[in-house]
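Here are my notes on the model you sent. Please read them with the coordinates open.

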Amino acid sequence: MQFAIESEYWSCVCFKSQDDKHAFLTAAGLVIVGDKDLDGYATAELLGTAMPEPDDTERG
C-alpha cells in the first residue's frame, strides 16, 4: 500500500474537464494505456522514451 501512494513514484496531469482529459489522451495516443491511472513504463514505451527495465519485484 505504501508503494502505491508514495508521492515520489507518480505524477499527475490535470485538465478543466473530463472531455479535455480524454481529448488529450486520445491525441497523444495514450488512451490505449488507460484513461485514469497509466502505467508509466507502458506510457514511456508508447512515447518512445527509453527507460531502465522495471524490477517487477519492486512494482508489486
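The points below run from overall confidence to single residues.

1. Confidence. This is a predicted model. The protein chain has a mean pLDDT of 85. A value of 70 or more is reached by 82% of its residues. Confidence is highest in helix H2, with a mean of 96. It is lowest in helix H4, residues 56-59, where the mean is 58. Please keep that contrast between H2 and H4 in view.

2. Fold content. The protein chain contains four helices and zero strands. In sequence order the pattern reads α-α-α-α. Helix H2 covers residues 18-27. Helix H3 covers residues 40-47.

3. Burial and surface. How many residues of the protein chain count as buried? Of its 60 residues, the share is 8%. The chain exposes about 5,300 Å². Carbon and sulfur atoms supply 54% of that area.

4. Cysteines. A search of the whole structure returns zero disulfides. The cut-off is 2.5 Å between the sulfur atoms. Cys14 is likewise in no disulfide, and its nearest cysteine sulfur is that of Cys12. Cys12 counts as exposed because its relative accessible area is 54%, and the limit for that class is over 50%. Cys14 is exposed too, at 63% relative accessibility.

5. Nonpolar surface patch. Which residues form the nonpolar patch on the surface? They are Val13, Phe15 and Phe24. Together they have about 270 Å² of accessible area. Phe24 comes from helix H2. Its relative accessibility is 36%, so Phe24 counts as partly exposed. That class lies between the 20% and 50% limits.

6. Thr43. Is Thr43 buried or exposed? Its relative accessibility is 12%, so Thr43 counts as buried; the limit for buried is under 20%. Thr43 sits in helix H3. Leaving aside neighbours within four places in sequence, Thr43 is in contact with Leu30, Val33 and Leu38.

7. Gln18. Gln18 belongs to helix H2. Gln18 counts as exposed because its relative accessibility is 61%. How far apart are Gln18 and Asp35 in sequence and in space? They are 17 residues apart in sequence. Their C-alpha atoms are 9.9 Å apart.

8. Recap. Helix H2 holds Phe24 and Gln18. Phe24 is partly exposed, whereas Gln18 is exposed. In helix H3, Thr43 is buried. Cys12 and Cys14 are exposed, and the whole structure has zero disulfides.

Key:
Residues are numbered from 1 along each chain as its sequence is written. This is a predicted model: local features need pLDDT of at least 70, side-chain atom pairs count only at pLDDT 80 or more; totals for chains, interfaces and linings use all residues. Side-chain values use heavy atoms; hydrogens and water are left out. Patches are made of residues with over 30% relative accessible area and no salt bridge: like charges are joined within 9 Å, nonpolar side chains (Val, Leu, Ile, Met, Phe, Trp, Tyr) within 5 Å. Accessible areas come from the Shrake-Rupley method with a 1.4 Å probe; for residues, only the protein chains shown count as cover. A salt bridge is a side-chain nitrogen of Lys or Arg within 4 Å of a carboxyl oxygen of Asp or Glu. Helices (H or I, at least four residues) and strands (E, at least two) are DSSP runs, numbered from the N terminus. Buried means under 20% relative accessible area, exposed over 50%, partly exposed in between (1.4 Å probe, protein chains only). Contact means heavy atoms within 4.5 Å. pLDDT is the predictor's confidence in each residue, from 0 to 100.
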